[in-house]
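Keep it to running paragraphs.

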Amino acid sequence: MALIKLESIAHSYYPNPEKDEDYALKSLDVDWSDGGAYALLGPSGCGKTTLLNIISGLLTPSNGRVLYDGKDVTSLSPEQRNIAQVFQFPVLYDTMTVFDNLAFPLRNRRAAKKIVDQRVLEIATMLDLEHDLKKKASGLSPDAKQKISLGRGLVRDDVAAILFDEPLTVIDPQLKWDLRRKLKEVHHRMKRTLVYVTHDQIEAMTFAEKVVVMYNGSVVQMGTPQELFENPAHTFVGYFIGNPGMNFFDCHIDGKDAVIGKNRISLSHDLLGRVKKAEGDLKFGIRPLYLDLSSTPCDNCIKVEIASVNNLGAYKIVTAKMDKSMVKINVPEDKEVTETKGWLHFPKEWIRIYSNEYLV
Ligand code: ATP
């Protein structure tokens, strides 16, 4: 396993890039620590696969360096970097048995028969493939084939890192859940450096210790699932993580309050100190989960008109009109919301202010 360092990496698919938009990846610096489990999360087209291919060596970046344990590997191939990769669709030898497919990466490295037998059985057991070892891969379901692909990625214990590019896309939803759990177990047992590309926040948040959120060719935040939820560093993270995402309102500061339309919401002393130095467009952000909705007027509360209530079983999502803006509120399932009016309390500790889209 290795510490992987990306230094001032940028990439353009154009031969002579000029503008910022010509770059699929804008300048980024990211460290992937040895043995960490990372998810690379972001919407389609934000640059996840480009970044993964730069880490693996399938792509040489236009600018910057890739370092493995301090060694510059920018121009080395995936084989020379000693990387295992699992792609979106199964990559295996249909005419070979499941055993031989799993054994392939080990035999390729001339591993001893005893090691091959032991590792293949261990990985097959982990992925519930132990009863299929003698079967030909061609006759298996797409799910089973992708499990073999995963197994081939996991079977060697001497790789610098294992990279997964949306590996569960072809997998049935129930099995997806099991495989995600299994990958997490594998990581706990083997402590490999894993980088897992996905556009699915649930997949990223359940699998990874750290999630790297990408937006428009840049890394906007790298943090634990809790950090991303509680302190989104960029409005995109607030919007993309959580369901529904964070509420955002244009605001300005007046005295000790944030002013949103006609309403004033008081800020903590600490936040005010930081906001006073902020420049540019300001946005007020708060998660639906941290808002308190009351059916009676309360101190420091703002009156809202209830627009809709969506019962999701474990909780309800209330949509309300606050002056000219719409706000989403997460309400416990046992709380009745029958009135057309409500009063919202904004707990100071959960208010975040963004300046030019970045957290103040
Ligand atoms: P997805 O989730 O859809 O796979 P992604 O986040 O992995 O998206 P990339 O595939 O890295 O994004 O693409 C980033 C940008 O680079 C996109 O605008 C894409 O159109 C462009 N791009 C990707 N591959 C190439 C290529 N081979 N040639 C030209 N442009 C490319």
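The shell around the ligand consists of 4 nonpolar, 5 polar and 2 charged residues in this predicted model. Its members are Tyr13, Ala24, Pro43, Ser44, Gly45, Cys46, Gly47, Lys48, Thr49, Thr50 and Glu166. Gly47 contributes a polar backbone atom, which lies 3.0 Å from an oxygen atom of the ligand. In the side chain of Thr49, an N or O atom is 2.8 Å from a ligand oxygen atom, and for Thr50 a polar side-chain atom is 2.5 Å from an oxygen atom of the ligand. On its own the ligand has 630 Å² of accessible area, of which the protein covers 53%.

The structure contains 12 aromatic pairs. One of them joins Phe284 and Phe346: the ring centres are 5.7 Å apart and the planes stand at 80 degrees, so this pair is edge-to-face. Because Phe284 belongs to strand E14 and Phe346 to the loop between strands E19 and E20, the pair ties together parts 62 residues apart in sequence. Both Phe284 and Phe346 are buried.

The rings of Tyr290 and Trp350 are stacked, because their planes are at 10 degrees, with 3.8 Å between the centres. Tyr290 sits in the loop between E14 and E15 and Trp350 in the loop between E19 and E20, so parts 60 residues apart in sequence are tied together. Tyr290 is buried, at a relative accessible area of 13%, whereas Trp350, at 22%, is partly exposed.

Elsewhere, ring pairs link Tyr215, Phe236, Tyr239 and Phe240 into a cluster. A charge also meets a ring: the charged end of Arg287 sits over the ring of Phe229, 4.3 Å from its centre.

Conventions. Residues are numbered from 1 along each chain as its sequence is written. This is a predicted model: local features need pLDDT of at least 70, side-chain atom pairs count only at pLDDT 80 or more; totals for chains, interfaces and linings use all residues. Side-chain values use heavy atoms; hydrogens and water are left out. A residue is near a molecule or strand if one of its heavy atoms lies within 4 Å of it. A polar contact is a pair of N or O atoms within 3.5 Å; within protein, one must be able to donate a hydrogen and the other to accept it, and residues adjacent in sequence count only if both atoms are side-chain atoms. Accessible areas come from the Shrake-Rupley method with a 1.4 Å probe; for residues, only the protein chains shown count as cover. Ala, Val, Leu, Ile, Met, Phe, Trp, Tyr, Cys and Pro count as nonpolar, Asp, Glu, Lys and Arg as charged, and the others, Gly among them, as polar. Rings of Phe, Tyr and Trp (its six-membered ring) pair if their centres lie within 6.5 Å; planes under 30 degrees apart count as stacked, over 60 as edge-to-face and the rest as tilted. Helices (H or I, at least four residues) and strands (E, at least two) are DSSP runs, numbered from the N terminus. Buried means under 20% relative accessible area, exposed over 50%, partly exposed in between (1.4 Å probe, protein chains only). A charge sits over a ring if NZ of Lys or CZ of Arg is within 6 Å of the ring centre and within 35 degrees of the ring normal.
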